[in-house]
Every structure is written in C-alpha cells, then in structure tokens.
Amino acid sequence: MSEAVAPFPDTRDDTIRPPQSVVTERPYVRWLLIAVALAFLALFLVLPLITVFAQALAKGWGAYLAAFTEPDAQSAIRLTLTVAAIAVPFNLVFGVAAAWAIAKFEFRGKNLLVTLIDLPFSVSPVVSGLIYVLVFGSRGLFGPFLVEHDIQIIFAVPGIVLATVFVTFPFVARQLIPLMQEQGTAEEEAALTLGASGWHAFRTVTLPNIRWGLLYAVLLCNARAMGEFGAVSVVSGHIRGLTNTLPLHVEILYNEYNFVASFAVASLLAGLALVTLAIKSFLEWRYADDIAAGTRRH
Amino acid sequence: MVEPPRPRRRFRQRSVIPGFGLTLGYTLTCLGVIVLLPLAALVAKAAGLGPAGIWAVATDPRVASALRVSFGVSLLAALTASIFGGIVAWVLTRYEFPGRKLADAVVDLPFALPTAVAGIALASLYAPNGPLGAQLLKVGIEAAYTPVGIFIAMVFIGLPFAVRTVQPLIAEIDKEVEEASAILGASRVATLTKVVLPPLIPAVLTGFALAFARGVGEYGSIIFIAGNLPYVSEIAPLLIVIKLSEFDYEGASAIAVIMLGISFLTLLAINLVQAWSRRRFGYV
Amino acid sequence: MTSGNPTRPGFAPFGRAALFGLALALGSVGGAQAQTEILNVSYDPTRELYREINAVFAEEWKAKTGETITIRAAHGGSGAQARTVIDGIPADVVTLGIPSDIDAIAKISKKIPADWRSKLPNEGLPYTSTVVFLVRKGNPKAVKDWSDLAKPDVKVITPNPKTSAGGRWNFLAAWGYAYEKEGKDKEKANAFVGSFYKNVPVLDTGARGSTVTFAQRGLGDVLPTWENEAFLVLEEFGKDKFDIVVPPTSIYAEPPVALVDANVDKKGTRKQAEAYLQFLYSDKAQAIFAKHHYRPIKREAAKAEDLALLPEIKLFKIEDVQGSWDDIQKLNFDNGGLFDQLSKAGR
C-alpha cells in the first residue's frame, strides 16, 4: 500500500536529486517518529492480540483444543459460517451494482446516495439490531403478519443474517466506488464501441480491473460479518446450539467463567483476522499496481 | 481525473455505458429494504413520543450524560487516533525500517478483530490486576472501569480509519514539490507545515470523522472495559440496551435517533469534505 | 454473483469460496433433525443448573413416552430475556430471576395469562434463593452485615438493577434491611441504599459480569450475590481465594417459572412444556436444585449434605413491606424510580 502508484521507478532510487536531508527529516527525528509509531501500534493493537492467544493457551493445547469439540462451539462455528456465506455474497453483488451505478454515471443526488450507503458504518451496532426488532419483532411493523404466518425472522437465522448484512453493507461498495471512479469509463466505452455487450464488457474489462480491490473488500467484509457482536446480540435471542454465533459464544463462555475456552474461541476469530490481513498483505505485495488505487480508503 | 461538468437540468448525464437503470434500481432497492425501511421504523417509533417527548429524553440528565460520555470521549479518542494515526501513516509510507510491512498489516487488525474479543482482551490487559493496568495504577491512573477504559477501546477501534484515510495521500505527495520548496530555501519544518501538510488536512478530517462516528456507536468492546456507572462511564448505546430491558422501546428509539442524527450529519460532512477536496486537490 | 470466467484464473477463488460456503450452509441445515424441541428462556446464573435438569428431564421423558425431546436454553439478563419473549422468541417456558419480569411479559405481550402465579404450586416458585456476600479470603474489611456495605471504605460490586434481576434483589435486600433497622422509616432506608450505591465502582449489566469483575479482575471488597452464584464462584475460582459471609437477615428471593401459553399452543408443545414445569417440582429436580445451592421447596427431597450448606437465616419478603410487584417495580426501578433518583443525587 505504501509503495502505491508506481508504474515508473520510485523517485527514491533516483540519483540526480537534492540530498536526502531536504526531503526527509533528520535521522534522530526519523527514528523518534518510528519509535513512537511502533510503540503506539504495539501498545494498542499487538498487546491485545497477544493477550488473546496467551490466555487461550494458558492451560496448554489440550484445554485449547477441547474448546472446539464442544457441540455448542461447533454449532456456533456452523452458524457463523452460514451467516457469512449468505451475507458476504449479498453485499458483494450489492457493492458491485452500487459501484457501477455511482462510478460509471453522473447523476444528481450522488453524494446523498453515497452517504446513505455509508450510513450503517456509523450506526451503533446496538441500533442496527434494534431496528430489525422494530420491524420484525412480534410487536413490530410486520409483527402481526409474521406471527399469523408463523414466520420467525428475529431470534432465528434470518434476523442474524439481516443484522450482519446491515453492519457490513458499505464494505464492498465503499471499496469499489473510488477504485472504479479512478479507472474511468474509457475502457468500457471502447469495448462497447467494438460491439461487446454490456455484461461482456463488465466481465472482460471492468472485473479484471477491480478484482483485487474486490477480493480485498470481500475479505474485510467477511471478517466483519463473522465478528459482529453488538447487532447480532440484540437479534439473536442467545438460544444455545441454535442462534449463538462465535462472538456470542465467546461472551457466553466468558460468563461461565470458562476463560480458557472463551479466549480459545476468541483466538479462532483473531486467527481469522490475521489470515485476512495476511492474504491482504500478500495481494498488495503481489499485485501492488492493480490494487494501489483501491486501498485509498475504507 | 477529469470530471465532466455537472448536468444541472437532467437527472443524469447521457452515457454509452449500459446498466444504469438496473444497477441503480438494484442499489436503491437494497438500500431501501435493508437500511432505509428499518431506520424509518426506528424514526417512526421515536416519533411516537412527539418532538416534546424526544426532547425530554435527550435532556433527561442520565441520557444527556451518557451522550456526553459517548460523544466527548469519542472526540478525544478520535483526536488521539488522528494524531498518532497520522504519525503511523507517515512513518509507514515515508521511512524504510525492519518490520515495516508487518506494522502496516497490523493497522487493519481492529477492522477484522471482533469487538467482543477486543473488549475482553483489553479488559484483561487494563484491569487493576492486568499487566498494563497494574503499571498504570502505580502512576495513579485507573484505566479499566473508568472513562479511560472507554477511551482506550475507542482509540483501538478508530485507529485504522485514521491511518488508512491519510496513508494513500502521503504516498501520492509529489516529492518534486518538496524538493522545490527545499531548493527555494524553505526549512524542512516550513516545507512540512506549508507544503506537505495542507493537502492532507481533508483526509485527516475524514479519518477523524470516521473514527469519531465509529467510536460514538461502539458497544461490544466498551461494555467489557467501561465501569457502566450512570453519569460517569455509561455510554449511550448501553443506555439503549438498558431502555430495551425496561421495555421502553420509544425511549430506546429516541436515543438511537438522536445518535443517528448526529452521525448522519457527521458522515454528510465527510462526503462534502471529500467532494470539495477532490475538486480542490484532484484526489481522495 | 460474478461467476468465474475460465479465461480469468484470478476469479476462480471466488467461485470456490462461494461453493464452500454454500456446502457449509446446507450442511448446517441438514444437521437439524426433526424432533420435539422446547425452549426454556432463563436468566443468567442458571446455566449450570438447567444443563443438568434438562438432561435428566429428557431422559425421563424418553423413558416415559418414548419421545426424544431436546430442551434448548437461552440465558441472559432477566429483563433482556423477558424482552426477547415479548418480541417473539418462541419460548415454551420462562424461568426468570424476578416476578416483575414475567409480569411484564404478561402485561405487554399477553402471551402469559395475568394470573400466571396461580397456575403452578408455590406461586410458580419451584425453588427460592437469597442474597449472601462473597468477600476476599480472610474477609479483610470485616464485612458481617448489610450495614458494612454502606461504610465509606468498602467497595461493593453489584450489577445494574435496571438490567439484572440479581441487581434488583441486592437493591431490595439493602432497602428492606435498612427499613427494618431504622424503625420502618422509608426516607432513612432510601438514604442507606444511596450510600450503598456510592460504594459501587462498576455496574455490570448482569450478575455474571459482576462476578467476573469481582473474582477475575480483582475489583471491590464485597460482592452481594445470589447464594447459588457465591458457591459457584468458590467452586470455579478456588475456595482459597474467597469466603462466603452470610448476613443475619436477607431477602427471600423469588425466581419464578411460567408457561408461555400463546407459544406452546401455537407450536403444539403444551404437553411437553407442562410436563417440564411439573418436573421442576419433582423430588429428582428438587435434589438437583439443592445440589446447585438453590433452596428447594421440598427440603425432604434434597440430600442432607446439600441442605447443610444453605444456612437458616431470617428472610424477609419484599412484598410485605412494599406491596405488589407492580408497585415494587414502579417505586424502585422504572424510569424516574428510586434507583434513578439515587444515581442522580449521587453523581
């Protein structure tokens, strides 16, 4: 990400340029800043991560692995995978469609639309759960209808999926919009002029251009979908073996004084976060040029 | 990027690219069903109280104090995250040092780490008997179960926003401009403050606003580490949960709408800043 | 969905990941078997208790009727659990921490008849409990009675009475104690509860949160808590770390159970759910209650060694001093009630 847009060699390798000192800081300032940055990252980000693994392994590997063989843990894993398997593809399709409409066309009210898509980002997770209770709860907007037809939305898988979709709603769109804006419309226009259908142009021109940004967005969306706590906690009902996701299972184990198991399950989610970051870093390293524009912002 | 002039009278500008109706229609449908309809239900519920009722909720001392805690601490945390996030972004982009890639990858951790996991990890670190909490206690700072704990959790979740919005802009700074400034005799400090930093300001503001909005709404990581004491360390989202436990749906909705209103304005401001800066600087 | 284009190998992972996810999703659906399920929505500290009760009941039911039954359990703060029932969780029975939470379900959702307390023996209470103190080993602050909890140098950990039934029993116990001691003076009782809450540094949302704060995080000097919860802490965290102090008087805590009529009729599980609730009054279940340090209503069914751990203390009923549960809830915990007034005054 740092060595972003570089179709040409970095100016740092250029020999005919003023001495280093005028375009960068003095060495001691440099090292001081590096130290501050690293200390800050270590204190706020790395230490909590280490804590998770240290606590999970506090009683050895046996206790660690035992946490995953329990039926409740397994059903939580299954539910979390199910929810992500529905929520992530949904947001993928939505994100691509939204980015296409917003990046490839000029129309009025675009800023408002982008803001509305972003809205779930800044809605408190608790509120994200609450709104679905207000719509689908038995005293909610559609409550009487749902009760009459015996359809269970909240306190069941559909409600958990909905809350997860809401929370991760902006992820793919937010990533793709600037990326596709950056790339403009010239290539697609060329393909269309040469007689390609719109769908064909999308598949052969647009998609290859955005694939790494898209993959990155999907990864983050997936990590967030699997890790959502607040919103899911409001709509889940906490029925063991039925509506407990992994993050909720972490809380349950924690509340049962089973700290090792709790941190063990937490470490699974932390591991997922690490894998996500590793794949992301690998993509950046391997396809730096392709995705440089896409990592502009989240 | 060259932006065509905005059409004033027509809804959208003509284009040879197909799929506008389909994709915009799909986007609006999803947005309507997933986001707008439920939020409208929330507003409708709160509206049941009437404007006077909502005002009464907002000015109820306990609610007002929870909103103050949420917004106040989040402001401080976003400020901290922006300052240190700026340094981190600068260091990661401009300097070469061992472990730079690793440090760069770590920045995204709070995006990917579930908030509940972050919450219990932070609580066990900063509790009075935790490794960091014990040290802080020696210098007289009680971290966990006080507003300081809320602050720590909010910095944690806000940091990636602060770093990631600024980083690409730092990478794009044209070194030749810096060189020109230096050759013309400006000191390094003058170059930084007069040439390098000004174009970064919109991005820093964006990162700040995102971190702020995220911190205000945060629940999962905070309840584990905040003391949850009314008037001291009770955050607004917790008060929503409490109102729900009291079966006071209108009250909960009213707090939610108040938070939502402020967040929406914050986000709208971000997008305006971005649109403005794209016109002004040509990127973001 | 963007299907993988064979000429673009870069997209194959998407297709594969999607297939994998779909397979897992189907797997989870296939895993659920058709059998009778009933859902018990309960409060926080009963996790261990109902795990055992449910297993024993399922076994007995199978032996009696040949039907395989699964009892699902959901646990959380008592108020939050009542809310999920109101909002439509398909609970067959509720086993909550305080009568006012079941009253709320009856009143707001009408899924439980208003006279639910008359439907089961002993006003819907298969067991009772009380509040005792958990202190650090050796009782360094010499906590003996409720009055010690209001002393300025004592830090008390208790859950938020707004969200937790345990928190409400603690609140009512402190109030009832002071009311009796101050010659039935309500103002003085209110003031006592005020100074009690001034000593509280952390208000967790549930009884379990408070226990973790006290036992695991090392905060506070005393944890007034459910009797059963105090014993559980000794078992989970080690008897060498904490002592239980039994105050001379405490509250008669009533965690009631009820059938959710509207739900069982809809699901067709009335027979099973009723049998489950009746089972709670059986000798077998009564012995299990005692084993988990709840106070069984049939003492003769419990083992003597379990009963020996539940000391005779003077228990008072809060209804005797504050009236009906409607009044108790309104007076103390509703918006603008005593707890709100005290926290406003105490800031």
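Two residues are taken to be in contact when heavy atoms of theirs lie within 4.5 Å of each other. In the predicted model described here, this criterion places 25 residues of domain 1 of chain C in contact with 23 residues of domain 2 of chain C. The domain assignment of chain C gives domain 1 as residues 2-128 + 254-307 and domain 2 as residues 131-253 + 313-344, and the C-alpha centres of these two domains lie 28 Å apart. Between domain 1 and domain 2 of chain C an area of about 2000 Å² is buried, of which carbon and sulfur atoms give 50%. On the domain 1 side, Glu254(C), His293(C) and Arg295(C) lose the most area to domain 2, together accounting for 32% of what that side buries.

Charged and polar pairs were also found across this interface of chain C. The count between domain 1 and domain 2 of chain C is 5 salt bridges, and 9 residue pairs are in polar contact, both residues being at pLDDT 80 or more. A salt bridge is also formed in chain C by Lys107(C) and Asp326(C), whose closest N and O atoms are 3.4 Å apart. Helix H2 (47-65), helix H3 (78-86) and helix H4 (99-109) of chain C each supply at least two residues of the side of domain 1 that touches domain 2, and H4(C) gives the most to that side, with 5 residues.

The contact between chain A and chain B was examined in the same terms. It takes 110 residues from chain A and 110 residues from chain B, and the area buried between the two chains is about 9800 Å², of which carbon and sulfur atoms give 74%. Phe40(A), Leu45(A) and Glu106(A) supply 7% of the area that chain A buries against chain B, more than any other three residues. Between chain A and chain B the count is 1 salt bridge, and Asp108(B) forms a salt bridge with Lys280(A), the closest N and O atoms being 2.5 Å apart. The count of residue pairs in polar contact between chain A and chain B, both at pLDDT 80 or more, is 6. Of the side of chain A that touches chain B, the largest share, 19 residues, comes from helix H2 (residues 27-56) of chain A.

Chain A itself comprises 15 helices and 0 strands, and buried residues make up 62% of its 298 residues. Among contacts in chain A between residues at least 6 apart in sequence, 73% join residues at least 24 apart. Thr276(A) lies in helix H14 (residues 259-286) of chain A; because its relative accessible area is 5%, Thr276(A) is classed as buried, the cut-off for that class being under 20%. Apart from neighbours within four places in sequence, Thr276(A) is in contact with Leu219(A), Leu220(A) and Ala223(A).

In soluble globular proteins, nonpolar side chains tend to be buried together. The largest nonpolar core of the present model has 235 residues, and those with the most contacts inside it are Tyr132(A), Leu176(A), Leu42(B), Tyr126(B), Ile240(B) and Val94(C). Helix H4 (residues 71-104) of chain A gives the most to this core, with 15 residues, and at least three residues are drawn from each of domain 1 and domain 2 of chain C. Not counting residues up to four places away in sequence, Ile240(B) touches Val126(A), Val127(A) and Leu130(A) in chain A, together with Ala252(B), Ile255(B), Ala256(B) and Met259(B) in chain B. Apart from this core lies another, of 67 residues, among them Tyr43(C), Ala150(C), Ala285(C) and Trp325(C).

Backbone geometry was considered last. Most residues other than glycine have a negative phi, and most peptide bonds are trans. Tyr231(B), however, has a positive phi, near 70°, and is located in the loop between helix H12 (220-225) and helix H13 (236-245) of chain B. With a relative accessible area of 14%, Tyr231(B) is buried. A positive phi, near 50°, is likewise found at Ala142(C), which belongs to the loop between strand S5 (131-136) and helix H6 (165-181) of chain C; at 40% relative accessibility, Ala142(C) counts as partly exposed.

Methods:
Residues numbered from 1 in each chain as written. Chains lettered and ligands numbered in written order. Heavy atoms only, no water. Core = buried A, V, L, I, M, F, W, Y, C linked by side-chain atoms within 4.5 Å. Buried < 20%, exposed > 50% of the residue type's maximum accessible area, 1.4 Å probe, protein only. Helix = DSSP H or I, 4+ residues; strand = E, 2+ residues; numbered from the N terminus. Domains from an automatic or database assignment. Buried area = accessible area lost by both parts, 1.4 Å probe. Salt bridge = Lys/Arg side-chain N within 4 Å of Asp/Glu carboxyl O. Polar contact = N/O pair within 3.5 Å; in protein donor to acceptor, adjacent residues only side chain to side chain.
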